[in-house]
Every structure is written in C-alpha cells, then in structure tokens.
Amino acid sequence: MKKRTVQSVVVGIAAAILAGLSLADSQGEQESLSVKDIVELTQYQATAGAERRDLYGMSITAVVPRGVMEDITQRYLRSVHREDGGLHHQVVMEVAYMGGWRYYRGAQLLGVDPLPFDALERRMARCTSAFLKCDHRERVMAEVTRQQLDQALEVGLYVNFESKAPGRDFMAYFPPAYVKAYLIKLDGKGAVTPNAFALAAQ
C-alpha cells in the first residue's frame, strides 16, 4: 500500500512538470493522432542476420528551450531480441544539445525505481566558438518489463534519465494511448482490449 501511495504522488508531480512539455510534444500531426494512428506508425524492422524482427514505436520529438539554446530530444519504445533468446523492452532517449557533456548515467521508473541502463552512443560534433559550445549527442536506453508496460496503460509510462550535470535530467513520458498502441502491435489487436481497434476509432 505504501509503495502504491508513493507512486501515485510521483505520477501527480510528474504530470504537473510535464504539462508544459506535452504541448511541445503534441504540435502538428502528433496532436491529432489516435491509438489506431499510432499502431500504424509502430513498425517491425528486420535486423541484419537475425531471424526475428524487432518492434520500434513511433518516435516522439520535443524541443526544450535552454536559455538562448535548446535541446532536441527523441524518445521511443522498442522491443528487441537478444542472444539469450528473450525479448527485451526498452525506452530509448536521444538528445542533441550545446555545452558541456551531461553524461546521462542512469534511469528510474516514475523517478523512483532504478531500471537497467546503458549508454548506446555519445559523440561530439562541431564547435561554434572558442568557449567550447559544442554540439553533443547522447543516445541512452533503459529496460522495462512487460509488467511495467501493462501498468502504464492507465497513467502512461514515466522514465527519468539521470544526468551527471545538475539540473539536466530528462523525463521521458509516453501517454497511455502510445503504450496501448505499442502493446496492440506487439501482441495483436485483441491483446489489450477485446475490441481494441473499435475503441481506438472512437
């Protein structure tokens, strides 16, 4: 009971923090996407040399102002097959920013429960001045369980990526419609609700 209470409070806080961000995420076509639309944008992709295809969710792009500069982030879900034969569900976050390295180094579900984490790529591109205002790019991943995805159907999925640089953590939020569409594509259209596509059209 105590754990559920803590999670409820965290969800409320995270929702308030993300109220402004959701507007940026919803601009243009993303604003009017239904569950059925997101299902269509969730695609299986073949990996070279692999017998099974991996599933990639729709990428959500956000622009976050940072003073006179801005962060450009992309986030998406994916389910990949590993050498151990298992299917691993992952939250991938890519961010491009100016300034010094942030070194994203960990992730937590709802900002509380630690998740398996991996830094997939870090690279620095062009520098615009002698003050080392360089273009940095990081691509990181947190692993979630199927149970955690199922639990996100009602409130959405909140994964906080922790940065070594103070004040530069990033909360990756996936609304319930995104998670629902992803699971429909993963398991088949009857997996989440008995009549998933009919509900999606409403």
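Modeller: The crossing of H4 and H5 is left-handed, a term for a near helix turned anticlockwise from the far one by less than a right angle (right-handed if clockwise). This is a predicted model, where local features need pLDDT of at least 70, side-chain atom pairs count only at pLDDT 80 or more, and totals for chains, interfaces and linings use all residues. Residues are numbered from 1 along each chain as its sequence is written, and side-chain values use heavy atoms, leaving out hydrogens and water.

Colleague: Why is H4 called oblique to H5?

Modeller: Helix H4 (residues 146–155) and helix H5 (residues 176–187) pack at an angle of about 135°, with axes 7 Å apart. Under 35 degrees is roughly parallel, over 145 roughly antiparallel, 65 to 115 roughly perpendicular and the rest oblique, so H4 is oblique to H5.

Colleague: Which residues of H4 and H5 make the contact?

Modeller: Among them are Leu149 and Leu153 of H4, plus Val179 and Leu183 of H5; contact means heavy atoms within 4.5 Å.

Colleague: What makes Tyr103 stand out?

Modeller: Tyr103 has a positive phi of about 55° without being a glycine. Most residues other than glycine have a negative phi. You'll find Tyr103 in the loop between strand E5 (87–98) and strand E6 (104–109).

Colleague: And why does Tyr103 count as partly exposed?

Modeller: Buried means under 20% relative accessible area, exposed over 50%, partly exposed in between (1.4 Å probe, protein chains only). Tyr103 has 35% relative accessibility, so partly exposed is the label.

Conventions: Axes are lines fitted to C-alpha atoms, for helices over the stretch in contact, and angles run from 0 to 180 degrees between N-to-C directions. Helices (H or I, at least four residues) and strands (E, at least two) are DSSP runs, numbered from the N terminus.
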